[in-house]
Amino acid sequence: MAILTEEQTMLRDAARDWVQARSPVGAFRKLRDSGDGAGYDPALWREMGEMGWTGVIVPEAHGGSEFGYLGLGLVLEETGRTLTASPLLSTALTAASALLIGGSEAQKEEWLSQIAAGAIVAALAVDEHAHHAPEKTALTAVKSGRGWTLNGGKAFVPEGGAADLIVVAARTAGQPGDADGLTLFLVQGDADGLTRTALKTADSRGYANLTFKDVTVAETAVLGEAGGGWPILEETLDRARAGLAAEMLGTAAQAFDVTLDYLKTRTQFGQAIGTFQALQHRAAKLYTELELTRSCVEAALEAIDNGSADAGALASLAKAKAGETLHLASNEMVQMHGGVGMTDAHDAGLYLKRARAAEAIYGGASYHRDRYARLLGF
Amino acid sequence: MADLEAFRNEARSWLEANYPPSLKTPMTEDEAPWGGRKAVYKNPDIKLWMDRMASRGWTAPTWPKEYGGGGLTGEEAKVLEQELRRIKARPALMSFGVWMLGPVLLEYANEAQKKEYLPKIVRGEIRWCQGYSEPGAGSDLAGLQTKCEDKGDHYLINGQKIWTSYADQADWIFCLVRTDTSKKHEGISFVLFDMTTPGVEARPIKLISGSSPFCETFFTDVKVPKAQLVGALNKGWDIAKRLLQYERQNISAGGFGGTGGGLEIEDIAKKYVGTDADGRLADHDLRARLAAHRMEAKAFALTVRRVEQELRAGKGLSPATSIIKYAAAKLNQDRSELVVEAIGLQGLGWSGEGFSPREIGETRAWLRSKGNSIEGGTSEVNLNVVAKRVLGLLDHQ
């Protein structure tokens, strides 16, 4: 654990208490069983806004607390522990980051204050296929009389169905595969010509496919410069990756804690199964991976807060490492629980399903290994 | 904070005035400043640098001044470390005394012992070796049998140690001995003695890498003054374990270190494997594995940094040192395997024509790295330690 300031400690403790009291895993299970397509509980989301979590990275001038990404990461780690389904990451970290990095004063004033107040849900729509590939953006935006007209599709957009505001990556020049020629647009969820189809995924979160048919936005909807979307998008994605990695660290840590507890209580052959060295060593290795992952996640969040040049590489490191560790932790959770881990009544399956989705979003481990190698020049 | 900046300025100007210019090249293995009575200095500036640093106590920066240390706070020591790194200074002294024995003497030794041993460690006068493992006591260290009998005015030691690092070059040994055969852990004591005492013999062991960093060490009727027992009789196991924590901490902080000579693994691979039109390593499978390794190495370095920060924040020497030793061993072994693979058969040279000294160095470093998961506690023992002490899992009955 990083050495925390007093404010950060208070933030983490408040998140821990709230999550245990208001949003244990059982709350997520109930949400899943309700079949509600939104993928989150609006009442819990409102409470998160009231506690100020939606404004952690937002400047005070726009109604936030400016506690930084490490602070928000502490909250996400706690919500990740109980699989709390909410638009917190999508709204208060990802979309807020895009606005912070690329937004004009007017855009920030209009949207960041609403995000900080918990008044809206926001999303980032970047990928168009099942694999993360931001440079492959094909959705087009063409200059038209009143501004720009968007045509194309976006796939698996987290919170895409519920979002009031969507940051959309569009191609205004070049070919899919080019980093150049991308532009970011702020599109409202109820825009004419925008169709949203909710997806039912194994992790029971809110994803939607979006279809843009002649969606027209004003010139003021451009985030940053036309054609200058890539650097904003890449930096936004890096922050989202680090934030998601913090959530995944929490999920993996909880999967481990639950499993460790089971090793100490489940008896076979007349003793706790945790006395068997075959399981002890696997538990110790998993613990080692968790410690290594924590270092990466905290370093990535701190690098973002400090504006360090290596924030991108550290974000890739954090996302890849968190993905691998969560992958292992979720598999070990099922295996070490034995048969009961295969039942729907047990939470192991919920962790396993969330793990795989979180691993893939914003790039899996192989995507980030490739990117890390490129950043290191090989 | 102002004080810390003043210290930084003072340290910086002192280092600039006192660091010998002849030491600005990378250190070679035979230039390592181990100190001791038998040391031979290829370059007299190596000794000069040691003496200058020792005169300020900066070879053991945080030890109290009364024992020759620098008396620095943790924060000041960090600043000193940064300033040393800034000028790319070589280590002034490499020493088991500083890394392992000193910290436990500060904690467990009596005043007379501290005054006797610590200043000589700081000055690099005495080179220490570690008498721990025995032929019958490896992972089961507490099963050691080297016998130590009370002969009234002295102790009499008989037995054998093995894997004693550099015993043939050391001046003194810190040694675990059995003083009670009726108990296991509670029958072990921690004694210090001179390697020139009659009855002590060290024989180097040749390893698969061709080098001999370890010895078999034999004790035949070795007489040891009773004042050289550290802590209480039969209470040596606590000291032994504490020292192991420092050993693992130290191994991990420095890593096992490859022989890259400043070259990153991807640069070595590019040289031997080549790149494709996009500038990527031509062997894409190897590239993916190298990337994974580099990320692991970064995760490890960040973890070492975090553990040090926690240590400085007063959270104590964490049991996480055991995960760090385990991770460091795996990392260095993975690196060595990847380097040899990247170099191809050119990376399996043993000696003579056709191979550069660096290539031969990599072959031998790869072989040497196999010991990383054995020395200082095997990886399996380290995992046991994590399972029991950190995770609270119980012994099998």
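The questions below cover a pocket, the cavities and the chain contact.

This is a predicted model, in which local features need pLDDT of at least 70, side-chain atom pairs count only at pLDDT 80 or more, and totals for chains, interfaces and linings use all residues. Residues are numbered from 1 along each chain as written, chains are lettered from A and ligands numbered from 1 in written order, and side-chain values use heavy atoms, without hydrogens and water.

Q: Which domains of chain A does the second largest pocket lie between?
A: On a 1 Å grid over the protein atoms alone, a pocket is an open set of points where a 1.4 Å probe fits, with protein on both sides within 12 Å along at least five of seven lines; lining residues have an atom within 4 Å of a point. Domain bounds come from an automatic or database assignment. Two domains of chain A give residues to this lining, so the pocket lies between domain 2 (123-228) and domain 3 (230-375).

Q: Which element gives the most to the lining of the second largest pocket?
A: Helices (H or I, at least four residues) and strands (E, at least two) are DSSP runs, numbered from the N terminus. Elements of chain A that each supply at least two residues include α10 (348-360) and α11 (365-375). The top contributor, with four residues, is β3(A).

Q: Which element gives the largest share of the lining of the largest cavity?
A: A cavity is a set of grid points where the probe fits but cannot get out. The largest cavity holds about 210 Å³, a volume being the space filled by probe spheres set on points joined across faces, edges and corners. Of its 20 lining residues, those closest to the centre include A:Ser86, A:Leu89 and A:Arg354. The largest share, four residues, comes from α5(A).

Q: Which helices of chain A and chain B each supply at least two residues of the lining of the second largest cavity?
A: This cavity has a volume of about 70 Å³. Its lining includes A:Glu298, A:Glu302, B:Arg305 and B:Arg306. The helices are α8 (277-306) of chain A and α8 (284-315) of chain B.

Q: How many salt bridges are there between chain B and chain A?
A: A salt bridge is a side-chain nitrogen of Lys or Arg within 4 Å of a carboxyl oxygen of Asp or Glu. A:Asp370 and B:Arg287 meet in a salt bridge at 2.7 Å, N to O. Between chain B and chain A the count is four.
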